[in-house]
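Here is a short briefing on one protein structure. Keep the sequence and the 3D view open while reading.

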Amino acid sequence: MGIIYNKEHKTITLQTKHTSYQMKIGNLDYLIHLYYGPSICDADMSYQIMQYDRGFSGNPYESRDARTFSLDAQPQEFSTQQQGDFRTTSIEVVNSDGSYSYNGRTAGYKISSGKYQLDTLPCTFATDADTVDTLEVTLTDSVSDVQAVLLYSVFEEADIITRAVKVVNRGNAPIHLKKIMSVCLDFLNGSDFDLVSLPGRYGQERQVERQHMTHHIHTIGSVRGSSSHQQNPFVILCDRNATEDYGKCYGFSLMYSGNFLAEAELDQYDQLRLVMGIHPKQFVYELKPGEVFEGPETVMAFTEHGFTGLSHLYHDFYRNNLCRSKFVQEVQRPVLINSWEAAFMDFDDVKLVEIAKAARNMGVDLLVMDDGWFGKRDDDNSGLGDWYVNEDKIKCGLHKLVEQINDLGMKFGIWFEPEMVSEDSDLYRAHPDWAMQIPGRHAVRSRNQMVLDMSRKDVQDYLIKKVNGILDDADIFYVKWDINRSLTDIWSNNAAPEKQGEVYHRYILGLYHVMDEIIKTHPDILFEGCSGGGGRYDAAMLHYYPQYWVSDNNHPIDRLKLHYGTSFVYPVCTMGAHISDSGKFVPIKTKAVVAMCGTFGYELDATHLSEEEQAVCKEQSGQFRKFYPLIIKGDYYRLTNPFKPGNMTAWQHVSKDKSESLLSVVVTNLTCNGPQEYIRAKGLAPDALYSINGGEELYSGSALMNAGLPIDREVEDYSSFQFYLKKQE
Ligand code: GLA
């Protein structure tokens, strides 16, 4: 059993294969957090908590003269509001009498087998291979009768614990929820922690940043209406000396695609609190009697094996327990060519067929028709929302075009940006009230497009009908779902003034509903997410789409950093990576090596390539197919850090049984007459012998991991190497 209640100590222990997590129904029924870390079985960990009379600390009323119990110093599972704990809160409510107070005490708990699910939000799930148990602890505020139901699911083998929270108004008056965090984790000693996050910008998403904890609240979050390019809903708390391979690391991955907030607070006593959930900015959610609010799930992992150990936990879990698309477990994903960088919006059916013909010679399986095929769309100033085929461009009609592509032996894919509307569109002219715009004010412009109010049922129904209509009209194999601006002018014409604080969140709920409906109706379509590149690359999106476009930046040398950062939490099989014209001094072989760290494809005008170049691409597509199972299902190792000065960037895929491995190296900056570089492999069987690229000489796993492979220095800039290691039976 992954969850143990100890009656004598009133502790509840969540037990995975290598980790334990413990809480206790403590003094005055407050739910006290005791431990998260390496396995301790169900030993009572409350001996760690020392209680003193701390100056200026508040004590619960019932403590009377006993001044040593203060929530300000207690580690808690769910920090409360206005109860003498001045650190960051997990919940903030405004009660019906106008008071700001929430005092959650444990009212009960329930242990069951299986994984909890949320009704309104995407969640991870258990497969037949998993042993999963769920704990539900109910905290109640006795005055308002508002419950916070804390949900925990324990994936024993995967070493993963998920958390979520539901707020239930069982009282007889409405309340307003102003902050609700899905996870609250307190550490008794937090001064030696670092916080790692994945900040970025358009074209440079998920760069890695690490900061020491100091005595204030470190916040990571987005208020752009989407999880954003600028931050990612994933953070790590790690030992100050943790490295790629060693050290304690705690990961927190929030399954939410809207505004989010992570706060890490080092308090006056060097205790550390981490909370994560929906960002409270412009969030005011009314809960009437009987209503329930669900907060998004957080996926937590702990390892003592550094960032690699943590990444492996997330990669395995997200490959198995996140996305229900059949493509997740598929043996091959198609090599695709996308029309965007080939033609932008300047194409017609003839041009697309020409690209497809050339791409067929390159071993490409799938042609994707990107932006520009619908409505009146010759540039990005018009047409969004008009999801019907522009027959001036696709003269033969969609059905016929797809047939022509299929006749070449290729599949067909299509681009949508459903959440947006252009002012110059039939949709906007018919329904100006569907676009988010604050009455009496002009909406902020961004790529000259407006945001549809996804919280509205009529908007959702329109999109489901339109997108499904196109998908049913032709044999469509793949969909790229894009969103190309941040949200502003948050206002729903459909909601009362006092409900406008719900719109940010209801937008996301509406989006999930639309995606759910379309994907459920088309289980055989491969969906890829996109947001001006990798702007909304989060675990919730990966619940719907098995793959996501990493970035609009296709420069292979920049991609080394993009793939490195993304891989901290998201598996390589989710990473959309293509070869394009970007990086003109980089050989095409190196571009291919880089794009093979993902779902491989092309983003260029194939008709411009010579026959020899097409033949090279064909060979590369073949290589990708050959290595695909290893790349997609194997363990991924970052061998170097491209953010640090160095001459090479290297990474490696190792099959789970360690029988084969692909080690890739890109030479980024060779110093003149510099020292010999060695790349040390990881994850091999130390005693096994491996051949390299089919050669006769054999090398022990131990030698390759400890002495490493010498990398030839006498090469051109931006050269690359792929070493295929095969274990001898
Ligand atoms: C975004 C995407 C690109 C392309 C364009 C089309 O920028 O990231 O790949 O689809 O939109 O407008």
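**Core and contacts**

Setting aside its neighbours within four places in sequence, Trp373 touches Phe347, Trp387, Tyr388, Val389, Asn390, Ile394, Ile414, Trp415, Phe416 and Ile470. The model is predicted.

**Nonpolar cores**

- The largest nonpolar core has 196 residues, and Trp373 and Ile414 have the most contacts inside it.
- Helix 7 (residues 503-521) gives the largest share of this core, 11 residues.
- Another core, of 23 residues, lies apart from the largest one, and includes Val654, Val665, Val667 and Ile679.

**Helix 10**

- Helix 10 covers residues 588-595, and because 6 of these 8 residues are buried, the helix is largely enclosed by the rest of the structure.
- The buried residues of helix 10 are Thr590, Lys591, Ala592, Val593, Val594 and Ala595.
- Two helices are among the elements they pack against: helix 9 (556-566) and helix 11 (611-633).
- The buried residues of helix 10 also pack against strand 30 (578-580), strand 33 (648-654), strand 34 (660-667) and strand 39 (720-727).

**Largest pocket**

- The largest pocket holds about 870 Å³ of space.
- Its lining has 33 residues, and Tyr564, Leu639, Thr640, Asn641 and Lys644 lie nearest the centre.
- Helix 9 contributes the most to this lining, with 5 residues.
- Helix 9, strand 33 and strand 35 (677-679) each supply at least two residues of the lining.
- By class, the lining of the largest pocket has 16 nonpolar, 7 polar and 10 charged residues.

**Second largest pocket**

- The volume of the second largest pocket is about 490 Å³.
- There are 26 residues in its lining, with Arg324, Asp516, Lys520, His543 and Tyr544 nearest the centre.
- Helix 7 gives the largest share of this lining, 7 residues.
- Helix 7 and helix 8 (539-544) each supply at least two residues of the lining.
- The lining of the second largest pocket divides into 15 nonpolar, 6 polar and 5 charged residues.

**Cavities**

- The whole structure has 7 cavities of 30 Å³ or more.
- The largest cavity holds about 80 Å³ of space.
- It is lined by 13 residues, and those nearest its centre are Leu560, Tyr564, Tyr636, Thr649 and Trp651.
- Helix 9, strand 32 (635-638) and strand 33 are the elements that give two or more residues to this lining.
- Helix 9 supplies the largest share, 4 residues.
- The lining of the largest cavity has 8 nonpolar, 3 polar and 2 charged residues.
- Tyr564 is named among the residues nearest the centre of the largest pocket, and also among those nearest the centre of the largest cavity.

**Salt bridges**

- Side chains of opposite charge can pair when their charged atoms come close.
- The structure holds 41 salt bridges.
- One of them joins Arg638 and Glu244, with the closest N and O atoms 2.8 Å apart.
- This pair links distant parts of the chain, 394 residues apart: Arg638 is in strand 32, and Glu244 is in the loop between strand 14 (234-239) and strand 15 (249-254).
- Arg638 and Glu244 are both buried.
- Arg429 pairs with Asp426, the closest N and O atoms being 3.0 Å apart.
- Both of these residues lie in helix 5 (residues 426-430), 3 residues apart, which is about one turn of the helix.
- Asp426 has 39% relative accessibility, so it counts as partly exposed.
- Lys288 and Glu286 also form a salt bridge, with the closest N and O atoms 3.8 Å apart.
- Lys288 counts as partly exposed because its relative accessibility is 37%, whereas Glu286, with a relative accessible area of 13%, is buried.
- A network of salt bridges links Asp85, Arg87, Asp186, Asp267 and Arg273.

**Residues with positive phi**

- Leu28 is not a glycine, and its phi is positive, near 55°.
- Leu28 sits in the loop between strand 3 (19-25) and strand 4 (31-38), and at 24% relative accessibility it counts as partly exposed.
- Arg64, another residue other than glycine, has a positive phi near 50°.
- Arg64 is in the loop between strand 4 and strand 5 (91-94), and it is exposed, with a relative accessible area of 58%.

Conventions: Residues are numbered from 1 along each chain as its sequence is written. This is a predicted model: local features need pLDDT of at least 70, side-chain atom pairs count only at pLDDT 80 or more; totals for chains, interfaces and linings use all residues. Side-chain values use heavy atoms; hydrogens and water are left out. Buried means under 20% relative accessible area, exposed over 50%, partly exposed in between (1.4 Å probe, protein chains only). Contact means heavy atoms within 4.5 Å. A nonpolar core is a set of buried Ala, Val, Leu, Ile, Met, Phe, Trp, Tyr and Cys residues joined through side-chain atoms within 4.5 Å. On a 1 Å grid over the protein atoms alone, a cavity is a set of points where a 1.4 Å probe fits but cannot get out, and a pocket is an open set with protein on both sides within 12 Å along at least five of seven lines; lining residues have an atom within 4 Å of a point. Grid points are joined across faces, edges and corners, and a volume is the space filled by probe spheres set on the points. Ala, Val, Leu, Ile, Met, Phe, Trp, Tyr, Cys and Pro count as nonpolar, Asp, Glu, Lys and Arg as charged, and the others, Gly among them, as polar. A salt bridge is a side-chain nitrogen of Lys or Arg within 4 Å of a carboxyl oxygen of Asp or Glu.
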